[in-house]
Structures are given as C-alpha cells and as structure tokens.
Amino acid sequence: MPQQKDIVKIAIQMPGAYPQLIQLDQKKPLSAVIKEVCDGWNLPGPDNYALQYADGVQTYITESNRLDIKNGCILRLTKAPGRCAEDLYKGIQSSDSDVRCDSLKQLACVSTDVTFAQEFISRNGHSLLVKIVEDAHEAPLIMAHTLTGFMELMDHGIVSWENVSAVFIKKIASFVNATVLDASIQQVSLAILESMVLSSSSLFQQVKQEVTLERLLSQLQVSNQQIQTKAMALLMALLQTAGHADRQELFVFLGKKNLRQYIYKNIIHSSASVGDEMAHYLYVLQSVTLNHLESRMRMPLDSYNQDQREILHGLRQAAFETESENSLSHERRRSLCAKEFKKLGFSNNSNPGQDLLRAPPGLLALDTMAHFASRYPDAYSRFVLENSSREDKHECPFARSSIQLTLILCEILSIGEPPSETGSDYHPIFFAQDQLLDELFCICIQLLNKTWKEMRATQEDFDKVMQVVREQITRTLSSKPTSLELFKNKVNALNYSEILKLRQTERLHQEETLAPPVLELKERLRPELLELIRQQRLNRLCQGTLFRKISSRRRQDKLWHCRLSPNHKVLHFGDVEEETETPTIESLQEKIPVADIKALLTGKDCPHMKEHKGKQTKEVLALAFSVTYDVEEYSLNFIASSRTDFCLWTDGLSVLLGRDMSSECMRSELETLLSMEIKLRLLDLENVPIPDSAPPVPKPPSNFNFCYDFSQAEQ
C-alpha cells in the first residue's frame, strides 16, 4: 500500500463531462493514470491523451514534473503533445488559409510548453516555420503567428540559433527595415534579432550587416511603445555584444545621429511615463555609454607621458599669471612650480603626479579638471585664486577636492560597474546632455567651494564637506532633473543649512540618548510592539505578492503570485499573467503546508543562486530567498522586486517558522513605533506644573545597607 505522502488528491476536467476526483498515486506510471481517467469517461486510445494544468500556465504533466502536483490541483485531460504537434504540423500545411491561421495561432500559444516544443521540433516543425518566413507569401496575420510560434520554440534552447540560415536572417531584417509593415510583425522580428545577437558573435556580425541602423533609430520615434521598447532592446543587445572595435564604431555612428536627443525627445520628454522594460534599457544605455570612461578611471598618471605632464602644467599656468619661465634658472623654475602646485591644492607639490596615482579616479580626475579650466576659465581662476590667497587655514584645495569629487561622481553614476540584470534607475539628465560627467563636475566643484565656505571648513573638515556634497548631489539627482540648468538650480538651493534641516527631520524619531526610566519603558513596550509587527507581517503574506522569474535568455520575465492562507497554515502559489489582477487563493493551483517548511535561506545560500553562481549581481543576491520543504532538494525560490518586499517576506516566513525577525525594516519600524509610543505616553506630563523652587532634600538614612555593590558583581 502506498504511503500517504505519495497520494495526491486532484480533480480532472474534460469539456462536456463531469469532473473526476481521484487520488493520484505518484508511484504509478503516468500512462496507467491516464488510462484509468480515460476508462472513467469511456474514451478509447489513452495513448492519444495527456494531462495538463487547467489554470495558470497550462503545462503538460510528465514523469519529470509530476512531483510538482499538489493536493487540490485541477488538471485537464487533453490531446497528447505528440498528437497535438502532429495535428498542428498538418494544419500549418493546409491549403485553407483559415486552417493555417488557426493552427499557427494555436502553435504560438502551446509552444511555450517545453514538452510540446520537443515533439513539434522532432517533426522538423521549426524548419516548416522557417520556410514560411523565407517564402513570405502569407498574409500579415498568419506571418505574425508564424514568427511568434518560432520565437517561443527557439526560446527553449532545443535548437541552436546558429542553425538559422542567412536567407532567414535577411528576411527578418527586411521586416525590421520596412517602412510600412504590420506592427506585430515588426515587434516580434525585433525580438528574434535580439535573441540572435545575444546568442553568438557570428550572428551579431550578420545582424549588424543586415539591419539598417537609421531605420532602427527611426523606430524610436513611432507612437507604438512596444516597437520602441523592442528597438531599444535590439540596440542594447548590439552594444553589449559588440567587441571593442565594433562598439566604438557603433558609438561613433550613434553619436552622429544624436541618439540621446532621439531618446530624450521621442521617449522621455514626449511620454507621460516610461514602462519598466524601457526604463531598464535606458539604464543599460546610460551604463554602457558612461563605461567608456572606465579605462581613464582605472589608469594612473604616467610621469613620463609628455601629454599628461603638459595638461598638468597647463592647469597651473591657467591659474597663475607668472613671468616667462624660460628665462628662469632650473632651480628657480622648479621652486616656482612647486609653490604654484601647492596653491593649486596638490598634496605633493614637488611631484603633483603622485596625487593622481590613485585609480579610480585616475586620469579621469585630470580630464575633469582640464575641462573645467578650459570651458569655464573665469570660474576656474576665481576658485583657485580665492582659496590660494587665504591665510586663515580655511582654504579649499582645488586639486584634492577635484580628485575626490570625480571619484564621488563615478560612484553615483556607477561608472565601471556592469549593468544590473534588473536595474532601471536611469537619469533623464543623461539623455539631455553630452559630456555629462564633465559638465556635472563643473557645477559640483563650484558647489563644493560654496558648501566649504558655508561650513567654514578647514583641512580637518575635508571628509565632512565631501559627505555633504555627496548628499547634495544624490538628493538632487533622485528628483530626476531633466536638464543641467534644473540640476544646477536645485543643487545650489540645497545648501548646507537645508541639509542640516533634512537630517534633523529624518532623525526626529531617533533619540540618541534616553533617560533610564524611558529606557525601562522602552523595554516594556518592545514585546507588545514586536507582536504588532509580527501580525502585520503575517497579514502582508496573506495579501500576497507578485514575483518575477528572471530568465537568462530574455528579459521578458514571467510572473507568479504567492500568498499565505488566512489560517496561516498553507502557502499558495502559481503563475499569473501580466495584466491580471490579484489572484484569489482558489486560482493558485499549487501549495505548500507551512508545517512542511524546513528552512529559510537567503542570498548566495539559495538553490537558484547556486545554480547560476558567478552570474548574479549583488543586487539580485540581496533580494533572493528560498524555503526548503519535505526534503532538502525541494525548494520554493523567490526574487523580491524590492528590498521592502524581501524584508516583509523573510520576516513573515521567520514568524511562521517560530524564529526571530531580523530584517533592517523590522528594526527601523520597531524604533519608529517605540519612539511614537513613548512620546504618546509622555504627553500627560505636559500639563504637570513645575514648581519655581526645588523641593527640600530629605535627611540621609541612618545606614546604606540597602545599596547593591555592582562592582563586586561584575568581578
């Protein structure tokens, strides 16, 4: 007799028949289970049938995935994948255009299932689709279904993209290059080319030769946001896959075509909002473009490089009007240079190149200083002369400040860091301004001088000033200014006194010191408030959350939903569509009893992070968590959309497992609640009259035997 855990209670549906409620024995062959179901409905030929999920993603049940079936699942008896593949293969070749259209439309839907895809590809069905595309005789609707079905089949990785013919690539490229064509055809054609480019360098070269980049740029001006997004995706794939020489060639071309102005005018400025996928590609473009500065950032100054030495001396000569140096002796000239380099703010005035050995920011700091001196010579001279003439120890060192400021800007703009898989934090100002880093530096170095004076800083306060300047820049950029002028106005309005006010406001609920009675009250309140947070976490889990399945092949992520049952005993989960509202518990076909959960794992300890070790960014690792159940190899894997969701779910799961909550959100919320509750408890003291004179001091006791010697206990 099979053990109870091998038995799963499920319902099986079939159109036109009453559902069957069965106890599925997981140790019985699937073919035997299907035969019993067919016998229950008096259906001949059980080999022609298969089971698949009735809700959500309608995946075929196979011997390899049958253990995923949970109690309460609803399955459907349907055509076997082989029979379905054979019928569609024949339907696609029908002489009736309506039959072909319906067959290709159904193919585009069922090709998402890997079991069906294997059956269809084994019949060489993908080659049939390729021939339809190459012949290009079909109506636009049929062609759109053909391309969609082909894309879904290729997405499983069963057939290599390397197998596609040059004729096929030319035809897909012609769909993209066409000025007048069905939008759905162009959209899926762009997606196919993107997958080709990302798959191999040889296909990158073929696509680069066939696609007209002018046409690709013009598609950023269309009103169809899906085509805009797919055009950007292909453009980013070309940039990310290209070698150094090809990338430089693409950058030169895109620079001549004013790509940033295209994007700013037709996507950012003209749209009320930018979609998540487009925001990701804008972030990638910003990252890839700015990363061309990485080589300068990683390269220290070479004392033997004549060009670099001339730039360095050019900074000195632009700041100080001196007598002709050629007429001076070597010693006199060397002494004069050292004196002026010291006034310029270099730490090593005899050999200022030593200050630029730090990489990052390396030669990038020299570039930004030289840009400021040449672009804004009056502001540069005013900065240097104003501070070099001071003798009250309050001078702001230009060179030292510039080197540190360049490093701060590199960190804020993530220069040198690869784009995150899920990143979307782009700066609109990047697309409205060429030479963003240099121009930001010119504004921020003058801001630094202004803040230095507002803080009345000395050399000892250098790090404090740089912290304030970093805060001024990050707070201003977080408001998403769309132009340099707007950034300049906002960042200068955010002076030192405003920063102090903001800091004070943010620390309003964070008491640094509390009196002993208040500390005692705080400890008494802590358990009650912790219980309040626990209940909030469980309620949040009952509401449920959408999570994304991040694909390594394409960024068109799938969505799934997970929620806790009202009685806190079962986790329900299942795949959902993008546009659906929050699903009900009944619609989530899979579940895990909380009692079966063994452990909660986070970060790099998660099974899905170990599978892709070395490929995940710090951002993804920080949002990943898993629960293991039954035995160690079974796990439910999550990647939260935000740090807040990560904290809510890990805290809630910890509560379910009887463990302490440990997230930073919990600690922050607890401190906020404690602060508010203490303030409310102490409000009654406001109306207590305070006497003008101190109360009399009582007489000392006859002995002090009641005192406790803490020093003895500590020893």
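C101 is buried (under 20% relative accessible area, with over 50% counted as exposed and values in between as partly exposed, for a 1.4 Å probe and protein chains only), because its relative accessibility is 14%. The model is predicted, so local features need pLDDT of at least 70 and side-chain atom pairs count only at pLDDT 80 or more, whereas totals for chains, interfaces and linings use all residues. Residues are numbered from 1 along each chain as its sequence is written, and side-chain values use heavy atoms, with hydrogens and water left out.

A disulfide is defined as a pair of cysteine sulfur atoms within 2.5 Å, and by this rule the count is zero. The cysteine sulfur closest to that of C101 belongs to C109 and lies 12 Å away, which is too far for a bond. C442 is likewise in no disulfide, with the nearest cysteine sulfur, that of C444, at 9.4 Å. C442 counts as buried because its relative accessibility is 1%.

C442 also takes part in a contact between two helices. Helices (H or I, at least four residues) and strands (E, at least two) are DSSP runs, numbered from the N terminus. Two packed helices are described by the angle between their axes and the distance between the axes. The axes are lines fitted to C-alpha atoms, for helices over the stretch in contact, and angles run from 0 to 180 degrees between N-to-C directions. Angles under 35 degrees count as roughly parallel, over 145 as roughly antiparallel, 65 to 115 as roughly perpendicular and the rest as oblique.

For α18 and α22, the packing angle is about 75° and the axes are 9 Å apart; the two helices are therefore roughly perpendicular to each other. Contact here means heavy atoms within 4.5 Å. On the α18 side the contact involves L364, T368, M369, H371, F372 and R375, and on the α22 side L437, D438, E439, F441, C442, I445 and Q446. Residues are classed as nonpolar (Ala, Val, Leu, Ile, Met, Phe, Trp, Tyr, Cys and Pro), charged (Asp, Glu, Lys and Arg) or polar (the others, Gly among them). By class, this contact of α18 with α22 has seven nonpolar, three polar and three charged residues.

R643, T644, C647 and D651 of α29 meet E664, C665 and M666 of α30. The residues of this contact of α29 with α30 comprise three nonpolar, one polar and three charged.

Helix α17 spans residues 330-343, 14 residues in number, and reaches 20 Å from its first C-alpha to its last. This is close to the 20 Å expected at 1.5 Å a residue, the expected span being 1.5 Å times one less than the number of residues. L336, C337, A338, E340 and F341 of α17 are buried, and the buried residues of this helix pack against α16 (306-319). Just after α17, G345 takes a positive phi of about 100°.

The loop between α17 and α18 (363-375) holds P360 as well as P361. The peptide bond joining A359 and P360 is cis, with omega about 0°, and the bond joining P360 and P361 is also cis, with omega about 10°. Most residues other than glycine have a negative phi, and most peptide bonds are trans. N124, which is not a glycine, has a positive phi of about 65°; it lies in the loop between α4 (114-122) and α5 (125-135) and is partly exposed, at 42% relative accessibility. R456 has a positive phi near 50° and is found in the loop between α22 (436-454) and α23 (462-478). R456 counts as exposed, at 69% relative accessibility.

Two further residues illustrate separate surroundings. K393, in the loop between α19 (377-388) and α20 (398-412), is exposed with a relative accessible area of 65%. Leaving aside residues up to four places away in sequence, K393 touches A457, T458 and Q459. I34, in helix α1 (residues 30-40), is buried with a relative accessible area of 9%.
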